[in-house]
Amino acid sequence: MEEAVNTPRVGAAVRRRRRALDLTLAEVARRSGLSSPFLSQIENDRARPSMRSLQRIADALGTTAVRLLAASDETRTVDVVRVGDDSGLDREARVRPVVRGRHQLHALEFTGGHETDREFRHPNDELMYVADGSVEVEADGRTHRLGRGDTLLLSGGVRHRWRTTDPASRILVVAIGDHVKILES
């Protein structure tokens, strides 16, 4: 199988983050609940993690899956991301980055059913747009039900979790990068 051009490889980002924290593969395996051989395969781009596994790795490394994905590719000034481009994740993940590299914003497209048992809290703003289907978001003590064409803005610092309520959903999540510091006026 021929490899796609500009395929981001999350393995190098995982390895850089692990080494920056001075952790061994065994320590990350213990923290994430994944095996050392599997983590080694990911770091060497011989295996692709599911989004759930990538999030477990990110948690073990004190970061987010979005940050690892963003760090996995070079920043480009002009970059077209085609619908069929290889995201570097296993195809069952049903999530793909729609912006590659380290930029001021991150954007991910989620398709199909997604359950989130994890609560998120980002330092910067995040926008959720429902392209198809529906989603339920718990934020700031309230539940918000969104349908096709609806958007939800979450200010930085708001704790939230979300799940799709229609298996045919397609959700776009755009967030200001965690590395960008927003100045308060």
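I began with Ser-134, which is buried, with a relative accessible area of 19%; here buried means under 20% relative accessible area, exposed over 50%, and partly exposed in between, with a 1.4 Å probe and protein chains only. Before going on I noted that this is a predicted model, in which local features need pLDDT of at least 70 and side-chain atom pairs count only at pLDDT 80 or more, while totals for chains, interfaces and linings use all residues. I also noted that residues are numbered from 1 along each chain as its sequence is written, and that side-chain values use heavy atoms, with hydrogens and water left out.

**Entry on Ser-134**

I placed Ser-134 in strand β4, where helices (H or I, at least four residues) and strands (E, at least two) are DSSP runs numbered from the N terminus. Its side chain makes a polar contact with the side chain of Thr-165 at 2.5 Å. A polar contact is a pair of N or O atoms within 3.5 Å; within protein, one must be able to donate a hydrogen and the other to accept it, and residues adjacent in sequence count only if both atoms are side-chain atoms. Not counting residues up to four places away in sequence, I found that Ser-134 touches Leu-146, Gly-147, Thr-164, Thr-165, Asp-166 and Ser-169, contact being heavy atoms within 4.5 Å.

**Entry on α1 and Arg-18**

In helix α1 I listed Val-10, Gly-11, Ala-13, Val-14, Arg-15 and Arg-18 as buried, and what covers the buried residues of α1 includes α2, α3 (36-43), α4 and α5. Leaving aside neighbours within four places in sequence, Arg-18 is in contact with Leu-23, Thr-24, Leu-25, Val-28, Glu-43 and Leu-61. The C-alpha atoms of Arg-18 and Ile-57 are separated by 9.7 Å, with the two residues 39 apart along the chain.

**Entry on two positive phi angles**

Most residues other than glycine have a negative phi. I looked up Asp-22, which has a positive phi of about 55° although it is not a glycine, and which sits in the loop between α1 (10-20) and α2 (25-32). Asp-22 is exposed, with a relative accessible area of 68%. Asp-140 also has a positive phi of about 55°, and its place is in the loop between β4 (134-139) and β5 (142-147). Asp-140 is exposed, with a relative accessible area of 66%.

**Entry on the nonpolar core**

A nonpolar core is a set of buried Ala, Val, Leu, Ile, Met, Phe, Trp, Tyr and Cys residues joined through side-chain atoms within 4.5 Å. The largest has 34 residues, of which Ile-57, Leu-68, Met-128, Val-135, Val-137 and Ile-171 touch the most other members, and α4 gives the most to this core, with five residues. For Leu-68, with neighbours within four places in sequence left aside, I noted contacts that include Val-10, Ala-13, Val-14, Leu-54 and Ile-57.

**Entry on the lining of the largest pocket**

α4 (51-60), α5 (65-71), β2 (105-111), β7 (160-164) and β8 (170-176) each supply at least two residues of the lining of the largest pocket, and I saw that α4 gives the most, with five residues.
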